[in-house]
Structures are given as C-alpha cells and as structure tokens.
Amino acid sequence: MRRLDVQVPTPDGHSDATLHLPEEDGPWPGVLAFPDAGGVRETFRQMGDRLAGLGYVTLVPDIYYRAGDWAPFDAATLFTDKRERARMSSLASVLTNDRIIADAGAYAGFLLARPEVTGAAIGTTGYCLGGRMSLIAAGGLGHTIAAAASFHGGRLAVAGDPASPHLAADRITATVYVAGAEDDGSFTADQAALLETALTAAGVDHTIELYPARHGFAVPDNPTYDTESETRHWQALHDLYHARLQYC
C-alpha cells in the first residue's frame, strides 16, 4: 500500500495525518478512521494500510492536534499508569461534540477533494473514543457519511448525558454498525439497549453486536487485543463498506 504524510486544515489549525492509498488505479471510496484514546500511532497507520488493501482511500488523523507536539502514549501501560491516564483524559476533554463534528467535516472534505477518492460521501470507523467520534460525526454530518462503524466505543448511549451520541440518532442517514465487547464497562448492555431503541425509532439502518471479548479487542497493540474478534471486525467493515460506499 502507499502511505502519504498530509496536513488537513481544520477550524482550529491543522491535523497531521496519514493518507493510505490502494496500490491499484482508482478512484476509490474514502474512509475516515478515528484512533482510540491513545491517539494516532503506528498501529493505526498499519490499520489504515489494511483498509487501503481492501480498496479504500483511508485518512488517519491526529485527533489531538490542538495539543501541538504531544508525546505518544504506550498502549500497554496507558490505563494502568495514573499519570498517563490523566494526561490522556486532559487531551480528550477538549473534544466536545461540536469540535468533533467540525473536525470530521474538515477530514471528510479533505478526502472528498482528493482525486483518488470517488463518490459524494465517505465511511467512518473508530475505536474506543474514536468509536464514539464516529457516531457523533454521523449525527453531525448527515449525508456526507454513508456508513459509520464503532468498535469497542464507549459512552455511546448514556441516559441523562446531553452529549450522548444516541440523542442525534434522528440526524443519522448512514448505515451504522456497532460492535461492543461483552466485558466493557464503558458500553454496557443497558447502553446497547438504549442505542438500539434510539436508532430503531429514528429509522436508522443499523446493527449492534457484542463480541465475546474485552474493551480494545480490535487494536493489535492493546493488552486486550483478541485475534478472533479483530478478524471478525475486518469482515464486518468489509461488508458494511462494500454495501454502502461502492454506490454512494
């Protein structure tokens, strides 16, 4: 696969990102891949390469670009090191829904303006925090997002939280795929039921599944990575994007 270092202009500056291109001649559908709470790193660039190998021009942005030149996290110890977890929470705290939507609009516009990208809409996927961002983007950008996936995303449907993504279900026009983990306090069975109710009431074409795994199952450098669940996640993405992005 081909990989390009790019800068994406955003409302608050610019995000350093990587653009991952299929080897064959295009154009190809575009996909925006949101990293997890550990931020962009080589693991996610490799995942961008794999998406490109499936036939999608994939953008992997630095979601923490507002922090400037921030020090990378070690996924193996991020959630056990209190200082690092606090630093991560500080970086993530500035990502309000409005900022997530504004950034996603800039990323989508960048993709759709590329000569390698075809169609009038893109797909999104995201992991952990990025899974939540994927659904927020779908609710905020309407027809610009044709397919939105979330893998072990947290706080997707929280009763009483005015920023919960499920509250924008009536503004989602994308097909939605959500894969939670059976062992994940950030996306419980109650949240899954509330999200199911909201998406169904809004008439959103969707699938919600719980994989027999722990939070973080799809990202290879996570301590909770699960090979079978990761393989299942790639198949789910392929099915989702093949159905929606080829004809958008």
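1. Ser-150 is placed in strand S6 of this predicted model. With a relative accessibility of 0%, Ser-150 falls under the 20% limit and therefore counts as buried. Leaving aside residues up to four places away in sequence, Ser-150 touches Gly-126, Gly-131, Arg-132, Leu-135, Leu-156, Tyr-177, Val-178 and Ala-179. Ser-89, by contrast, stands 61 residues from Ser-150 in sequence, and the C-alpha atoms of Ser-150 and Ser-89 are 20 Å apart in space.

2. Strand S6, which spans residues 145–151, also holds Phe-151. The ring centres of Phe-151 and Tyr-177 lie 5.8 Å apart and the ring planes stand at 50°, so this pair is classed as tilted. Because Tyr-177 belongs to strand S7 (residues 175–183), the pair ties together parts that are 26 residues apart in sequence. Both Phe-151 and Tyr-177 are buried. Tyr-177 is also one of the residues that Ser-150 touches.

3. The pairing extends beyond these two rings: Phe-44, Tyr-127, Phe-151 and Tyr-177 are linked by ring pairs into a cluster. Over the whole structure, the search finds seven aromatic pairs. One of them joins Tyr-64 and Trp-70, whose ring centres are 5.5 Å apart. The planes of Tyr-64 and Trp-70 are at 80°, over the 60 degrees needed, so the pair is edge-to-face. Tyr-64 has a relative accessible area of 2% and is buried. Trp-70, at 12% relative accessibility, counts as buried as well.

4. A further point concerns helix packing. Two packed helices are described by the angle between their axes and the distance between the axes. For helix H1 (residues 42–53) and helix H6 (residues 227–244), the axes come within 11 Å and cross at roughly 45°. The crossing in which H1 passes H6 is right-handed.

5. Which residues make the contact between H1 and H6? On H1 they are Met-47, Arg-50 and Leu-51, while H6 contributes Glu-230, His-233, Trp-234, Leu-237 and Tyr-241. Sorted by class, the contact of H1 with H6 comprises five nonpolar residues, one polar residue and two charged residues.

Terms used: Residues are numbered from 1 along each chain as its sequence is written. This is a predicted model: local features need pLDDT of at least 70, side-chain atom pairs count only at pLDDT 80 or more; totals for chains, interfaces and linings use all residues. Side-chain values use heavy atoms; hydrogens and water are left out. Axes are lines fitted to C-alpha atoms, for helices over the stretch in contact, and angles run from 0 to 180 degrees between N-to-C directions. Helices (H or I, at least four residues) and strands (E, at least two) are DSSP runs, numbered from the N terminus. A crossing is left-handed if the near helix is turned anticlockwise from the far one by less than a right angle, and right-handed if clockwise. Contact means heavy atoms within 4.5 Å. Ala, Val, Leu, Ile, Met, Phe, Trp, Tyr, Cys and Pro count as nonpolar, Asp, Glu, Lys and Arg as charged, and the others, Gly among them, as polar. Rings of Phe, Tyr and Trp (its six-membered ring) pair if their centres lie within 6.5 Å; planes under 30 degrees apart count as stacked, over 60 as edge-to-face and the rest as tilted. Buried means under 20% relative accessible area, exposed over 50%, partly exposed in between (1.4 Å probe, protein chains only).
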